[in-house]
Amino acid sequence: VGSEMCIRDSAPIDEVVADYVQLKNAGGGQKKGLCPFHDEKSPSFHVTPSKGYFHCFGCQTGGDVIAFLMKIDHLTFTETIERLADRIGYTLRYDEGSNTGPVVTSSTRNRLIAAHSEAAKFYQEQLNTSPDAAHGRDLLTKRGFDKDACMQFGVGFAPDEWDALTKHLRAQGYSIDELETAGLSKMGQRGPIDRFRNRLTWPIRDISGDLVGFGARKLASDEEDTGPKYLNTPETSIYKKSQVLYGLDKAKKEIAKKRQVVIVEGYTDVMAAHLAGIPTAVATCGTAFGDEHIRILRRLLMDDDAFRGEVIFTFDGDAAGQKAALRAFEDDQKFVAQTFVAVEPNGMDPCELRQAHGDDAVRNLVARRVPLFEFAIKSVIANYDITAAEGRVN
């Protein structure tokens, strides 16, 4: 509570709001601008710095600096406090659930996030310049992603070396303990080594935009590398795979605006969807879609304390995709929003579909969505011979 009051009092609301709204003096110690929470042509959004308060006379939204950030960036209370604490240089301390457990400070969190940002720059530089990344560049090109697309999504390349990133970050002043805690390095037989080697990398950000982990696709053949095709950052103090959705930092404003979220299966599917004109696409990071993801989306689809809009699942048209769709159906009632499924008949995922038939095909896939309930019922019926009475009864 003390931290909350200190941060609220120390973060000037007009400076925070000015990052999102152009404010002009309105007299009487107030400032005004166009409300960011509803469409308007005449400014009815007022900020009173002396009281640390904002209020819109058009849509009746109001509150303090914490309420403003929570609403405009769709953050939790804790995420908002972290953002403001970082802004004013206030050090937070986190109790991770037990009196004997580790305590993480905001400065430690910032160091881990900064290390990830440096790693992302390193990986991107490697993808753009390293001769060893040629195979990765070719793979991306074949998937329909040019250099601009890769830069937009921060795609990189982890060199096929034991400790290239570790050495680079050690030279930047990061300790071995920090790199292990961040999940960027791990201890090998002869010292610390890189967690990701000879892989394409995708930076994973939380809803507030902080870079907290990576997803990585291997480039070596199975004979050379017996590791999984996709490898993710391990669970860390800043990366919880059940609480992040890839692409959400880019998609969150469009999700809230369009009242729609499209859930795809992989990093390249998110890229393909966004590039094809579906800016509401997100994907889970190496785990099944679950309760925590639902809670995250709930914050984006809430309006007047009720769900609005659509949740659209896309899955491969194969048996595994159908299983994933039916698993999603089990969670359907946790959404008050309408839930749909979009499955390509030939089994192509959004990335393959865009590659084969262009952007329109991806948009049409989403447009042809069917209610998830209908899909589930038809999937069950398909297991029975309904031309016979016994099959119909069963």
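H46 pairs with H55, its bridge partner in strand β4. This pairing belongs to a predicted model.

H55 has G62 as its bridge partner in β5. H55 is also the β4 partner of H46.

The table sets them side by side.

| Hairpin | Residues between the strands | Residue with positive phi |
|---|---|---|
| β3 and β4 | four residues | G52, near 65° |
| β4 and β5 | five residues | Q60, near 65° |

**Cysteines without a bond**

A disulfide is a covalent bond between the sulfur atoms of two cysteines. How many does this model contain? The count comes to zero disulfides. The closest cysteine sulfur to that of C56 belongs to C35, at 3.6 Å. The cut-off is 2.5 Å, so the C56 and C35 sulfurs are too far apart for a bond.

Is C56 buried or exposed? C56 is buried, because its relative accessible area is 0%. C6 has 29% relative accessibility, so C6 counts as partly exposed.

**The whole chain**

The chain has 394 residues, and 46% of them count as buried. It contains 17 helices and 21 strands. Consider contacts between residues at least 6 apart in sequence: 62% of them join residues at least 24 apart.

**The largest nonpolar core**

The largest nonpolar core holds 60 residues. Which members touch the most others? L184 and Y246 do. Helix α5, residues 106–129, gives this core its largest share, eight residues.

What does L184 touch beyond its neighbours within four places in sequence? Its contacts include A115, H116 and A119. L165, L169 and L179 are also among them. D194, R195 and F214 complete the set.

**A loop and a helix face**

S130 sits in the loop between α5 and α6 (134–142). S130 is buried, because its relative accessibility is 9%. Setting aside neighbours within four places in sequence, S130 contacts E125, R137 and F157.

Helix α15 spans residues 359–367. Its buried residues are A361, V362, L365 and V366. Viewed down the axis of α15, these buried residues fall within an arc of 135°, so they line one face of the helix. What covers them? The cover includes the strands β15 (260–264), β19 (310–315) and β20 (338–343). Helices α11 (267–275) and α14 (350–357) are also part of the cover.

Methods: Residues numbered from 1 in each chain as written. Predicted model: local features only at pLDDT ≥ 70, side-chain atom pairs only at ≥ 80, totals over all residues. Heavy atoms only, no water. Buried < 20%, exposed > 50% of the residue type's maximum accessible area, 1.4 Å probe, protein only. Core = buried A, V, L, I, M, F, W, Y, C linked by side-chain atoms within 4.5 Å. Helix = DSSP H or I, 4+ residues; strand = E, 2+ residues; numbered from the N terminus. Contact = heavy atoms within 4.5 Å. Pairing = 2+ DSSP bridges. Arc of directions from axis to C-beta.
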